[in-house]
Amino acid sequence: MAAPETTPAVRAGTRAALAWAVPYFQNQHVCSTAQVTGVAARASSLVVRLDIDPRWARDLAGMADDLRGAWFALHCPFVREPVWRLLPEEGDIVIETAAAPLGWMQWSCRHAAPVDADGRQSAGEGRSLTPVR
């Protein structure tokens, strides 16, 4: 599936959101079990990559989906942060990791839901957070 075309306004909004997000995530020391290893723009959204402590990743893998989803959601900026006004309307912040034994997982901050392999909110899964393969 090809990525949707973006307009200059969407690209500008995403660049502004990225400029805000990089220092925000680099200066956040609120999580003792994961470290932000990168923040990047992807289409009209931002992707935040986490490196999760292996011991905690094992615990996360054994958690119920709703608890695991709540943990990922804690890494999302609050709704009153300016990044949400800077991003295009369809933009999102996706929390992403490839920590073993979880595998590759993504969480949509805008929709509070997992993201499928094509970068879309997983339809019909509610708050189930499962590995994306």
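Modeller: A salt bridge here is a side-chain nitrogen of Lys or Arg within 4 Å of a carboxyl oxygen of Asp or Glu. The model is predicted, so local features need pLDDT of at least 70 and side-chain atom pairs count only at pLDDT 80 or more, while totals for chains, interfaces and linings use all residues. Residues are numbered from 1 along each chain as its sequence is written, and side-chain values use heavy atoms, leaving out hydrogens and water.

The structure holds four salt bridges. Start with Glu96. Its side chain meets that of Arg42 in a salt bridge, at 3.4 Å from N to O. Glu96 lies in strand β3 and Arg42 in strand β1, so the pair ties together parts that are 54 residues apart in sequence. (Strands are DSSP runs of E, at least two residues; helices are runs of H or I, at least four; both are numbered from the N terminus.)

Glu96 is buried, with a relative accessible area of 7%. Buried means under 20%, exposed over 50%, and partly exposed in between, with a 1.4 Å probe and protein chains only. Arg42 counts as partly exposed, at 39%.

Glu96 has another partner. The side chains of Arg49 and Glu96 meet in a salt bridge, at 3.4 Å from N to O. Arg49 lies in strand β2 and Glu96 in strand β3, so this pair ties together parts 47 residues apart in sequence. Arg49 is partly exposed, with a relative accessible area of 32%.

Now look at Asp65 and Arg68. Their side chains meet in a salt bridge at 2.4 Å, N to O. Both residues lie in helix α3 (residues 65-73). They are three residues apart, about one turn of the helix. Asp65 is partly exposed at 28%, whereas Arg68 is buried at 6%. Back to Glu96: salt bridges that share partners join Arg42, Arg49 and Glu96 into one network.

Next, the sheet. Five strands form an open sheet in the order β1-β2-β3-β4-β5, with mixed pairing. Two strands pair if DSSP finds at least two bridges between them. The edge strands are β1 (34-42) and β5 (113-114), and each pairs on one side only. Strand β3 (residues 93-97) runs antiparallel to strand β4 (residues 105-108), and four bridges join them. Thr97 stands opposite Met105 in β4.

Last, the whole chain. The protein has four helices and five strands. Along the sequence they follow the pattern α-β-β-α-α-α-β-β-β. Of its 133 residues, 41% count as buried.
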